[in-house]
Amino acid sequence: MHAQSNHPGLISSRILSRLGVPHAFTTRVGGVSSVPFDSFNFGNPGELPPGVARDPKCNIERNFQIVLDALGCHARRIVQVHQVHGPEVLVEQSRERQRANQSLADARGTVVWGDVKADAIVTDDPSCVVAVRVADCCPVLLASVDGRVVAAVHAGWRGVIAGVATAAVAQMRLLGAGEIVAAIGPCISAAHFEVGPEVLSEFRRIFGDAAPVARESPQTGKGHVDLRAALALQMRQSGVERADVLPGCTHADESLYFSHRRDRGLTGRMIGLIGPRA
């Protein structure tokens with residue numbers, strides 16, 4: 001694993017740790033959820049197939065409290081969204097900034113199970129942490145170098161094509177972020193992420209000759225896409241020069257990660273979460 005907190009199921013980024021912003025990428029290790037979502041599950045029970053025995057919501061809430069306690073953020077609010085694989089960004093502003101600058105006010109309330117449809121959350125509010133759920137898609141955590149403005153991004157291949165991470169960077173700059181750094185978390189690796197020709201075509205449309213595409217089959221037209229490489233390229237294109245790209249394949253390592261593709265949908269969710277420096 002990369003640099004970690006003192007909890008065995010949490011992975012941290014060196015570049016974000018140096019800024020002093022509380023953050024983590026979770027694994028499936030060290031929580032209280034039951035089989036088959038054992039044990040550090042953060043999946044919304046509403047996302048599971050009908051008729052499946054679901055974790056009690058209290059277990060998921062308890063898992064959140066375990067993370068907040070490990071990060072020293074036990075009193076902070078958790079902001080999440082209804083993820084839809086698109087480019088939308090929720091901006092959760094501090095109350096002081098909302099009062100001072102109504103032209104930027106775009107916050108729509110804060111709940112643990114959010115109904116706002118978006119795939120990234122930006123905040124400058126030190127009373128909260130923002131979190132996105134993943135189980136093969138890539139979590140991206142962003143922070144201004146002063147630690148005041150942060151973002152959490154959920155990016156599968158559709159989110160990469162839609163430019164959700166780039167949109168999050170733009171919203172951070174509207175909140176006054178100067179230099180921004182990124183941590184790109186564990187996700188499905190290119191070796192295990194085979195996609196059809198229509199997806200390969202979309203990556204070439206967006207990235208041109210730099211498209212992170214490999215192992216194409218002339219017989220089937222299928223190939224493999226590297227989500228982390230694509231996001232790292234988008235970060236550079238957005239002016240984010242420093243990015244910590246963490247290792248780990250969610251599909252390959254069943255002992256450490258949930259994987260939607262490997263487990264055919266019957267699986268839990270990890271999270272990437274981050275909060276401004278207090």
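**A close look at the pocket lining**

Analyst: In the lining of the largest pocket, eight residues are nonpolar, five are polar and six are charged. Please keep in mind that this is a predicted model. In total, 19 residues line the largest pocket, and those nearest its centre are His 85, Asp 136, Cys 137, His 154 and His 260. Two elements each give two or more residues to this lining: strand E6 (128-134) and helix H4 (157-162). The volume of the largest pocket comes to about 510 Å³.

Trp 157 counts as partly exposed because its relative accessibility is 22%. Leaving aside residues up to four places away in sequence, Trp 157 touches Phe 193, Val 199, Phe 203 and Leu 227. Between Trp 157 and His 85 there are 8.3 Å from C-alpha to C-alpha, although the two are 72 residues apart in sequence.

The whole structure holds two cavities of 30 Å³ or more. The second largest cavity has about 30 Å³ of space, and its lining includes Phe 25, Val 134 and Tyr 257. Strand E2 (23-26) and strand E14 (270-274) each give two or more residues to that lining. Its makeup is seven nonpolar residues, one polar and no charged ones, whereas the lining of the largest pocket has six charged residues.

Note on methods: Residues numbered from 1 in each chain as written. Predicted model: local features only at pLDDT ≥ 70, side-chain atom pairs only at ≥ 80, totals over all residues. Heavy atoms only, no water. 1 Å grid on protein atoms, 1.4 Å probe; cavity = no way out; pocket = protein on both sides within 12 Å on 5 of 7 lines; lining within 4 Å. Points joined across faces, edges and corners; volume = space filled by probe spheres on them. Helix = DSSP H or I, 4+ residues; strand = E, 2+ residues; numbered from the N terminus. Nonpolar A, V, L, I, M, F, W, Y, C, P; charged D, E, K, R; others polar. Buried < 20%, exposed > 50% of the residue type's maximum accessible area, 1.4 Å probe, protein only. Contact = heavy atoms within 4.5 Å.
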